[in-house]
Amino acid sequence: MGWETLGQWGEDVARIEPLAGGVANDVWSVRVDGRLAVGRLGTRSDADLAWETGLLQHLDRNGLTVPVPIPAMDGRLFADGLVVMTYLEGGPPETPADWRRVAGALRELHRLTRGWPQRPGWRSSTDLLHAETGTRIDLGAMPAEGVARCRAAWARLAGRQTCVVHGNPNNPGNVRMTANHVGLIDWDEAHVDVPDLDLVLPGNAGGLDDGAHDIAAQASAAWEAAVCWDDEYSVRRLAEVRAV
């Protein structure tokens, strides 16, 4: 359908300008009933979008600062791949103290989502010890030696409690900070996994001890290599994963 679907949010709607939103979606600032919002148009399934919008509602109700889905006129939270969400003010984290606040918000996310069901079609890092594919990951496309290294890194996470992880919180562009809140945006990579994967932050702001940080950093590098394979960034990330 495309952006004409925005009309399902009312007569007083308009696209304003494109925003940075990753390669998987077309993201714009929009105006809905006179207020600034964000529209994201992509190809995710209805089941995937239901998982994401339900998660965001849950986090908002429990006090986390996240984009909140704005219902269309018929009450739906998404239509034909389009989601319209509240716009979050703020800038990126810049200081060690800022990043420690980000870590605090992530720990609250993890606390609020223990036992959460997996995002449809996704796998956790430890699921990939036995599975070959999950959403954008296809281990069959990677060199066998690289897969062995990734799985050795993920195996060190086995048996841990899982929850929802944001998936890309160390990207400053995914954080909106003000004096009063830490907002987390861009939940495209969110899924159920081991929480330490979110806490590999600049300056070890997550406060992981040396052993835990090494495990999480290796597993995170392996995950990013597998998700992005095989562009230049993924090759660089795989090079950070130690040989078995």
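Mentor: Let us start with a definition: a residue is called buried under 20% relative accessible area, exposed over 50%, and partly exposed in between, with a 1.4 Å probe and protein chains only. Glutamine 218 is buried by that definition, because its relative accessible area is 9%. Before going on, note that this is a predicted model, in which local features need pLDDT of at least 70 and side-chain atom pairs count only at pLDDT 80 or more, while totals for chains, interfaces and linings use all residues. Residues are numbered from 1 along each chain as its sequence is written, and side-chain values use heavy atoms, with hydrogens and water left out.

Trainee: Where does glutamine 218 lie, and which residues does glutamine 218 touch?

Mentor: Helices (H or I, at least four residues) and strands (E, at least two) are DSSP runs, numbered from the N terminus, and glutamine 218 belongs to helix α4. Contact means heavy atoms within 4.5 Å; not counting residues up to four places away in sequence, glutamine 218 touches Ala153, Arg156, Glu240, Val241 and Arg242.

Trainee: How many helices and strands does the chain have?

Mentor: The chain has five helices and 10 strands. To judge how such a chain is packed, we use the radius of gyration, taken over C-alpha atoms, and the globule rule, which is 2.2 Å times the number of residues to the power 0.38. Here the radius of gyration is 18 Å, close to the 18 Å that the rule gives for 244 residues, so the chain is as compact as a globular protein of that length. The C-alpha trace spans about 60 × 40 × 35 Å along its principal axes, and 49% of the 244 residues count as buried.

Trainee: What percentage of the contacts join residues at least 24 apart?

Mentor: Among contacts between residues at least 6 apart in sequence, 64% join residues at least 24 apart. Methionine 177 is buried, with a relative accessible area of 10%. Leaving aside neighbours within four places in sequence, methionine 177 is in contact with residues including Gly90, Gly91, Pro92 and Pro93.

Trainee: In which loop is phenylalanine 78 found, and is phenylalanine 78 buried or exposed?

Mentor: Phenylalanine 78 is in the loop between α1 and β4, and at 15% relative accessibility it counts as buried. Setting aside neighbours within four places in sequence, its contacts are Trp9, Asp46, Leu49, Ala50, Thr53 and Val83. Proline 71 is placed in the loop between α1 (46-61) and β4 (82-86), but proline 71 is partly exposed, with a relative accessible area of 42%. With the neighbours within four places left aside, proline 71 is in contact with Trp9, Arg76 and Leu77.

Trainee: How should I read the backbone angles, and which peptide bond is cis?

Mentor: The cis peptide bond to look at runs from tryptophan 229 to aspartate 230, with omega near 5°, and aspartate 230 lies in the loop between α4 (210-228) and α5 (232-239). Turning to phi, aspartate 186 has a value near 60°, which is positive in a residue other than glycine. Aspartate 186 sits in the loop between β9 (182-184) and β10 (191-193). Asparagine 204, likewise not a glycine, has a positive phi of about 50°; asparagine 204 is found in the loop between β10 and α4 and is partly exposed, with a relative accessible area of 27%.

Trainee: How many disulfides are there?

Mentor: A disulfide is a pair of cysteine sulfur atoms within 2.5 Å, and by this rule the count is zero. For cysteine 228, the nearest cysteine sulfur is that of cysteine 150, 11 Å away. Cysteine 228 is partly exposed, with a relative accessible area of 25%, whereas cysteine 163 counts as buried at 2% relative accessibility.
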